[in-house]
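Subject: Structure for you, with notes on its ligand site

Hi,

Here is the structure for your files. My notes follow below it.

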Amino acid sequence: MSPSITVRVPAKVNVQLAVGGRRADGYHGLATVFFAVGLYDEVTVAPADRLSVTVEGTDAQHVPADPSNLAARAAALLAARHGIEPSVRLHIAKDVPVAGGMAGGSADAAAALVGCDALWGIGSSPAELAALAAELGSDVPFALLGGVALGEGRGELLTPVPVSGSFHWVFAVADGGLSTPAVYTECDRLRSLRGGAGEDDVPAPAADPALLAALRDGDAVALGAALGNDLQAAALGLRPSLAATLRAGSDAGAIGSLVSGSGPTCAFLAKGAEDAASVAGALAASGTCREVRVTEGPVSGATVVG
Ligand code: ATP
């Protein structure tokens, strides 16, 4: 029997991303509604003499196979906290677009925490894993949790959000990624042009009650109308071609569309499975993206599958 453990972990889309002004420490306060969707990475952990990482998948060449990989950093942090050697081989089967605004790296870190915790027999509580996750990055705690959750602070302070039913999503994956820090910098620049980018210049971010009601009621049309991303203008500024992608999905009948997180992946909400297939077909034919993915959500967070 193989002693390895495989953890499946989903990507996210922020159905709301409200960004506050730039704080003195350089961060931005957020009110964001994370939504876990059925695009997954799988991280397999196995005993080894030393820490190593391998990556497979379409975008594997863009993912560092060294200690800077977020999954490797997660394994090293867990080991250090428990005074053990991070003697583990990590293998990442990547299906989440890299640097796509879907938090793939954060997902891999969450999966590595869950996998190594099980492999090393540590038995951390969910709260202990969530605390380590927050040290690794503001999107990592949500990848442990999955479902739908409101993220406050830098996104790491999570409150589960009640949801009815399942929603149909189409994702248009762009060629190449966008750097999250570069998108925040562009957001600040655009805000400065309009009067100010600081905490006193920008309204405090807050969850949209209409969006929360749409999720609670399972109302896809209302959710589509309430989708919002304060980073979208900045992502479009850095990658103007995304406007054509968003238009192609809307013209094809999507009931809502937005840039996912810091982009450049674009997310489209469809009324049902048939509409999702036709939006996907139109996006693929439009030539405005590299690849189209159809999926549903919400789905569970990082889960041991083998
Ligand atoms: P977010 O939405 O959280 O900003 P993202 O989806 O835009 O994230 P990621 O796919 O998480 O971006 O990757 C961002 C960068 O992090 C990559 O360009 C890569 O260099 C680096 N990275 C480190 N570890 C990983 C990993 N395991 N998977 C993907 N990228 C990683």
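A polar side-chain atom of Asn69 lies 3.0 Å from a nitrogen atom of the ligand. That is a polar contact, meaning a pair of N or O atoms within 3.5 Å; within protein, one must be able to donate a hydrogen and the other to accept it, and residues adjacent in sequence count only if both atoms are side-chain atoms. Leu70 also reaches a ligand nitrogen atom at 3.0 Å, through a backbone N or O atom. Asp108 uses a polar side-chain atom, 2.9 Å from a nitrogen atom of the ligand. Taken alone, the ligand exposes 620 Å², and the protein buries 79% of that. These areas come from the Shrake-Rupley method with a 1.4 Å probe; for residues, only the protein chains shown count as cover.

Before going on, the ground rules. This is a predicted model: local features need pLDDT of at least 70, side-chain atom pairs count only at pLDDT 80 or more, and totals for chains, interfaces and linings use all residues. Residues are numbered from 1 along each chain as its sequence is written, and side-chain values use heavy atoms, with hydrogens and water left out.

**Ligand shell**

There are 21 residues around the ligand, and Ala99, Ala103, Gly105, Asp139 and Thr180 come nearest. To be near, a residue needs a heavy atom within 4 Å of the molecule or strand. By class, the shell has 9 nonpolar, 8 polar and 4 charged residues. Nonpolar here covers Ala, Val, Leu, Ile, Met, Phe, Trp, Tyr, Cys and Pro; charged covers Asp, Glu, Lys and Arg; the others, Gly among them, are polar. Helix α2 (residues 104–119) gives the most to this shell, with 3 residues. Helices (H or I, at least four residues) and strands (E, at least two) are DSSP runs, numbered from the N terminus.

**Pocket**

The ligand sits in the largest pocket. Sitting there requires more than half of its atoms within 2 Å of the grid points. The grid has 1 Å spacing over the protein atoms alone; a pocket is an open set of points with protein on both sides within 12 Å along at least five of seven lines, a cavity is a set where a 1.4 Å probe fits but cannot get out, and lining residues have an atom within 4 Å of a point.

The volume of the largest pocket is about 1100 Å³. Its lining has 46 residues, with Ser106, Asp139, Thr180, Pro181 and Ser262 closest to the centre. Points are joined across faces, edges and corners, and a volume is the space filled by probe spheres set on them. α5 (180–193) is one of the elements that supply at least two lining residues, and α5 gives the most, with 5. The lining splits into 19 nonpolar, 19 polar and 8 charged residues.

**Cavity**

The count is 1 cavity of 30 Å³ or more. The largest cavity has a volume of about 50 Å³. Its lining includes Pro10, Lys12, Met102, Asp139 and Phe142. β1 and α4 (140–145) are the elements giving two or more residues to it. The largest share, 3 residues, comes from β1. By class, that lining has 8 nonpolar, 2 polar and 2 charged residues.

**Backbone points to check**

- Gly263 to Pro264 is a cis peptide bond, omega near 5°. Pro264 is in the loop between β9 (256–259) and β10 (266–270).
- Gly297 to Pro298 is cis too, omega near 10°. Pro298 is in the loop between β11 (291–297) and β12 (303–304).
- Ala99 has a positive phi of about 50° although it is not a glycine. Ala99 lies in the loop between β4 (88–93) and α2.

Best wishes
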